[in-house]
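Work through the exercises below with the sequence and the model at hand. Each task is followed by a solution in steps.

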Amino acid sequence: MRLSLIYGFWTILWLVYFVNNFFSGFVIAKYIGVYGAHLYRNISIIPFYFYIAITYLRFIKKFDLRSYSWFTGTVWLTTSMIIDYFVWRIIFNYPHDYLIDQYKIWHGSIYSLQLLALFLAVPIMRKHRRKFKRDPLINLFQKGKLY
């Protein structure tokens, strides 16, 4: 296990997350509203997290490295939260209260669900991949085919 691999895959995750936020905020929000765009942005990214988790696990296996799946999920989660806050607060000047409200699931925000999926993607896919080697869902993520 190498931190450079963990952060390398996280960088890909975060870039897609960032593009997804801009796409949903500037394109999707015009058609389905701000809350609909929020739902779209937080739900549509979750399958990508699982795809990157499978790719990460395949890469780790290919080079016979140990995968510390819970550690990887923790690093991805904490790094995402820190960088997200920094980027949205410092660069785009969003208010602190608005950013904290994104974690309040009882107010209808599902950003916490997205972060939970990010945290659990590697452990779930590691366990699922070991248990079901010929699973059609794994094949769909890896090869784009169900068989």
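**Exercise 1.** Is Lys-104 buried, partly exposed or exposed?

Solution. This is a predicted model, in which local features need pLDDT of at least 70, side-chain atom pairs count only at pLDDT 80 or more, and totals for chains, interfaces and linings use all residues. Residues are numbered from 1 along each chain as its sequence is written, and side-chain values use heavy atoms, with hydrogens and water left out. Buried means under 20% relative accessible area, exposed over 50%, and partly exposed in between (1.4 Å probe, protein chains only). Lys-104 has a relative accessible area of 23%, so Lys-104 is partly exposed.

**Exercise 2.** Find the salt bridge partner of Lys-104.

Solution. A salt bridge is a side-chain nitrogen of Lys or Arg within 4 Å of a carboxyl oxygen of Asp or Glu. The partner is Asp-101, with the closest N and O atoms 3.0 Å apart. Asp-101 is partly exposed too, at 32%. Searching the whole structure gives one salt bridge.
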